[in-house]
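Colleague: I have a chain to go through with you. Could you put it on the screen?

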Amino acid sequence: MSLPRLYVETTIPSYLTARPSRDIGLAGQQDVTRRWWNDCRDDYELYVSQFVESEASQGDPEMVAARLAKLDGILRLPVTAEALALADELIAAGLVPAKARVDAAHIGVATVHRLEYLLTWNCRHIRNPDKLWQIERLCTRLGYECPRICTPDDLLER
C-alpha cells in the first residue's frame with residue numbers, strides 16, 4: 001500500500017529550524033511542527049516544489065542551510081503551466097491576493113499533482129479558514145480535487 005502524498009510548504013522547514021519564539025502561540029506551533037516531523041513524517045511521501053526551495057533559500061545563510069538540510073531528500077514536483085494557471089484562477093477569484101502569488105502556486109502545484117495533503121502554517125493565504133471552502137470549491141469546479149490543506153497540528157490529531 002502506498003503512503004499518502006504530502007506537499008511540504010515553506011513554513012514547515014522554517015518552523016523546524018527557527019530559533020524558539022518568545023511568542024507562546026508561535027512557540028507552540030514550532031513544537032507541534034517538530035513533533036510532527038519527528039513522529040509522523042514517515043507516514044507520508046513528502047514533496048516540495050521549486051517555490052519551497054526558493055523561499056527557503058532566502059535570508060540568513062545559517063538558517064538557509066538549516067532549512068535546506070530539512071528539505072534534503074524530499075521529492076521535487078515540477079511546476080507546470082497547468083499548476084500556474086490554477087494559481088492564476090485562485091488569484092482572479094480573490095481567494096489569494098496577487099501579492100501572494102507564490103502561495104497560490106503552492107496550492108496549484110499540490111492540487112495539479114493530485115497530492116492528498118498540503119501541510120502549512122500559512123493560515124493567512126493558504127489555510128485561511130474563511131476561504132478554504134471556496135478554494136476547495138473552485139478546484140472542484142475546474143476539475144481538480146483540492147488536497148486537504150492542514151497544519152501539523154491537524155495531522156497529529158489523526
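Colleague: Where is Arg-114 placed?

Modeller: In this predicted model, Arg-114 sits in the loop between α6 (101–112) and β4. Its phi is near 60 degrees, a positive value in a residue other than glycine. Most residues other than glycine have a negative phi.

Colleague: Is Arg-114 buried or exposed?

Modeller: Arg-114 has a relative accessible area of 51%. It counts as exposed because the cut-off for that class is over 50%.

Colleague: And β4, which strand pairs with it over 3 bridges?

Modeller: Strand β1 (residues 5–8) does, in the parallel sense, with β4 covering residues 117–119. Within that pairing, Val-8 has Leu-119 of β4 as its bridge partner.

Colleague: What is the order of the strands in the sheet?

Modeller: The order is β3-β2-β1-β4-β5, an open sheet of 5 strands with parallel pairing. At the edges are β3 (75–77) and β5 (148–150), each of which pairs on one side only. From one strand to the next, the twist averages 35 degrees.

Colleague: Changing topic, what is the radius of gyration?

Modeller: It is 15 Å, which agrees with the value near 15 Å for a compact globule of 158 residues. Buried residues account for 46% of the chain. Of the contacts between residues at least 6 apart in sequence, 72% join residues at least 24 apart.

Note on methods
Residues numbered from 1 in each chain as written. Predicted model: local features only at pLDDT ≥ 70, side-chain atom pairs only at ≥ 80, totals over all residues. Heavy atoms only, no water. Pairing = 2+ DSSP bridges. Helix = DSSP H or I, 4+ residues; strand = E, 2+ residues; numbered from the N terminus. Axes fitted to C-alpha atoms, helices over the stretch in contact; angles between N-to-C directions. Buried < 20%, exposed > 50% of the residue type's maximum accessible area, 1.4 Å probe, protein only. Rg over C-alpha atoms; globule rule 2.2 N^0.38 Å. Contact = heavy atoms within 4.5 Å.
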